[in-house]
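Student: I've got a structure open and I'd like to learn how to read it. Can we go through some features together?

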Amino acid sequence: MNVAPQSDAERTRAELTRSAAYASIATALFLVGLKLWATYRTGSTAMLGSLADTALDLVASIATLVGVWIAAQPADANHRFGHGKAESLSAMFQVILIALSAAGIGFRAISRLIDGAPTQGLEEGVAVSLIAIAATFLLLAWQRHVIRKTSSVAIKTDHLHYQTDVLLNLAVIAALVLDQVMGFAMADPLFGLAIAGWLLWGAWRAAGEAIDNLMDREWPAEKREQLVAIAARHPELESLHDLRTRSTGTRDFVQFHVDLPGDMTVEQAHGIIERVEADMLAEFPDMELLIHIDPEGHVDEPGNPLAETDELAKLEKDQ
């Protein structure tokens with residue numbers, strides 16, 4: 001098995017993900033203070049919903065920092081495949097917080113629909129929301145940069161939180177204006193319900209990638225084909241089968257079988273496999289690769305639906 005040691009790129013990745021988490025925590029602390037004051041001044045359900053979401057963002061950002069810090073730790077005797085799934089666990093924790101936030105906002109909005117209490121403090125609420133939008137845009141820009149460089153699942157989920165925050169703050173402004181300027185008293189609780197629904201939809205979407213990582217979902221077809229195409233450059237390989245792929249927050253793991261002539265020496269077979277590994281790792285540097293050699297013509301016992309699919313033949317047929 002070829003196991004790539006922790007590289008400069010991995011260390012850079014860890015520094016970037018931590019910086020994004022620190023930026024999220026700082027932004028959330030700033031916004032919680034602002035929105036606490038604004039909620040007191042306006043009495044707005046939409047503002048309360050925005051405050052609740054930001055408070056949970058703060059908790060989630062702390063969880064993100066813990067997740068990316070653990071994920072960056074190198075493999076050890078007890079975790080030989082590394083700690084990458086800590087990012088997915090962090091993302092799932094954030095999803096739970098988003099769902100709880102949505103439930104609380106929805107309950108509060110329904111209560112306000114029944115009570116019909118008006119909002120107040122239009123200028124303060126709008127000013128705070130605009131400041132929050134500006135601060136959030138700055139954070140989102142940095143998160144996008146980190147995501148492009150690292151593809152971190154935890155940072156992607158945190159990014160979703162703050163994308164939602166922009167919409168939440170716009171909804172607060174709209175609710176306050178409709179209520180206090182246009183006299184539409186139901187606007188605030190209705191916007192609160194809409195915010196709750198948006199949060200639930202975001203939680204559902206954010207859960208998908210984290211669950212795929214935790215459940216060891218196979219790579220997308222395009223990525224698998226790209227890997228097989230590299231193997232196809234080596235005509236010595238008679239077949240490539242039993243291909244299995246998965247990803248954690250930080251690394252890819254791949255294993256497959258290849259057929260080589262039965263009369264080939266161990267040294268000759270080893271040389272071929274070394275060249276195949278080198279080509280694959282050049283294109284997929286964050287991959288751990290395990291290749292098993294079968295003698296040409298070998299057939300596994302029948303009954304295993306995941307075995308004996310010749311990926312090289314399949315690639316040639318598709319082309």
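Tutor: Start with two helices: H3 and H6 are roughly antiparallel to each other, a label for angles over 145 degrees, while under 35 counts as roughly parallel, 65 to 115 as roughly perpendicular and the rest as oblique. This is a predicted model: local features need pLDDT of at least 70, side-chain atom pairs count only at pLDDT 80 or more, and totals for chains, interfaces and linings use all residues. Residues are numbered from 1 along each chain as its sequence is written, and side-chain values use heavy atoms, with hydrogens and water left out.

Student: What angle do H3 and H6 make, and how far apart are their axes?

Tutor: Axes are lines fitted to C-alpha atoms, for helices over the stretch in contact, and angles run from 0 to 180 degrees between N-to-C directions. Here H3 (residues 85-115) and H6 (residues 187-214) pack at about 165°, with axes 8 Å apart. Helices (H or I, at least four residues) and strands (E, at least two) are DSSP runs, numbered from the N terminus.

Student: Which residues make up the contact of H3 with H6: nonpolar, polar or charged?

Tutor: Ala, Val, Leu, Ile, Met, Phe, Trp, Tyr, Cys and Pro count as nonpolar, Asp, Glu, Lys and Arg as charged, and the others, Gly among them, as polar. This contact has 24 nonpolar, five polar and three charged residues.

Student: Now the sheet. In what order do the strands come?

Tutor: Two strands pair if DSSP finds at least two bridges between them. Three strands form an open sheet, ordered S1-S2-S3, with mixed pairing. Strands S1 (239-247) and S3 (287-295) are the edges, each pairing on one side only. Seven bridges join S1 to S2 (residues 252-260), and these two run antiparallel. For instance, Ser239 has Asp259 in S2 as its bridge partner, and Arg244 stands opposite Gln255 in S2.

Student: Is S1 mostly covered or uncovered?

Tutor: Buried means under 20% relative accessible area, exposed over 50%, partly exposed in between (1.4 Å probe, protein chains only). S1 is mostly covered, with eight of its nine residues buried.

Student: Where is His298, and why does His298 count as partly exposed?

Tutor: Look in the loop between S3 and helix H9 (311-318). His298 counts as partly exposed because its relative accessibility is 30%. His298 and Asp259 are 39 residues apart in sequence, and 7.7 Å apart in space, C-alpha to C-alpha.
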